Amino acid sequence: MFVKNIIKLYCSMLRIRLVEEALAFRYKEQEMRCPMHLSIGQEAVAVGVSSALNKDDEVFSNHRGHAHYLAKGGDLNRMVAELYGKTTGCCGGRGGSMHMIDLSAGFSGSTPIVGGTVPVAAGAAWAAQLQNTDRVAVAFFGDACFEEGVLHESFNFAALHKLPLIFVCENNYYSVYTRIHERQPGRPIHLIAKAHGWSTDHGDGNDIISIATITQDAVERAREGYGPQFLEFPVCRWREHCGPNWDDHLRYRPEGELAAGQEKCPIKRTREWLTENNEMKEQDFQEMEAGIQKEIEAAFEFALSSSIPDKKDLSRYLYAE
């Protein structure tokens, strides 16, 4: 992988991190009134997977979708405005954090219903196949999705029709406060997918180079007609399940687990690689961060200065017009 691509991946991860930290800081102002699930600590998967996609490839997300949206090329101004419920948001202020959609970026929807977008992604992949295009669809989900029947039904359907669909499991080992071994028998998730007879792979969810490489291979196989692909990447969710705060004091994680996860930070890891290989210097990092912070400030100014929806439009979009 070319160094310039690694720098780009690093910048994308850092941008997502700084955006979400800004969201967490401003959430206490009580002007963003939608529930919010942050991806802090999990940025590498969204960025690495999206780096292998084309603009017209479709991504389907879940409740923790900010990183997926931004990594796919979503508009930061429109995302922040959406969280504030403004008309300039990507959904006109109707969706909030968990129901974003932006077809112009190939971001085809997110929902808080666990597994809710997986069959929709299968439908998009089937449509791409029937239209004889080389598009692929990507479904992001967490480990808890394996407890939903619709995931396994989608697995079966995708395998049966050899759909160009990439299943991506961001396994952070928790469903809210409950660890995976309390919810599922002890077996690697990717082996369940493999039993359907398709290609599977797994890697370090903190290694952006590995994620990008694995995904590139999987996407090429899907485009060439080899059917669905399954990727599993273990990650660490740094903050609470829903909300901007830290919650390690609740003691639902083993002592030291969060600290160990933070030590593997994908942004820190990539920064060290770039430094050790003399590809970026301290001044380069500072200038990059300053540019991102300026963009973030402008996005909040855009959102706060935008108008709120008119009451007369309250019943719009409930039904097809």
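1. The model is predicted, so local features are taken only at pLDDT of at least 70 and side-chain atom pairs only at pLDDT 80 or more, whereas totals for chains, interfaces and linings use all residues. Residues are numbered from 1 along each chain as its sequence is written, and side-chain values use heavy atoms, with hydrogens and water left out.

2. Five strands form an open sheet in the order E1-E2-E3-E7-E6, with parallel pairing; helices (H or I, at least four residues) and strands (E, at least two) are DSSP runs numbered from the N terminus, and two strands pair if DSSP finds at least two bridges between them. Strand E1 (58-60) and strand E6 (199-202) are the edge strands, each pairing on one side only.

3. Strand E6 is joined to strand E7 (residues 229-234) by four bridges, the two running parallel, and Asp201 stands opposite Leu231 in E7.

4. Helix H6 (residues 149-161) lies across strand E2 (137-142), strand E3 (165-171) and E7, at about 150° to E3, while helix H8 (residues 208-223) lies across E3, E6 and E7, at about 165° to E7. Contact means heavy atoms within 4.5 Å; axes are lines fitted to C-alpha atoms, for helices over the stretch in contact, and angles run from 0 to 180 degrees between N-to-C directions.

5. Asn278 has a positive phi, near 55°, although it is not glycine, and its place is in the loop between helix H10 (266-276) and helix H11 (282-305). Asn278 is exposed, with a relative accessible area of 64% (buried is under 20%, exposed over 50%, partly exposed in between, with a 1.4 Å probe and protein chains only).
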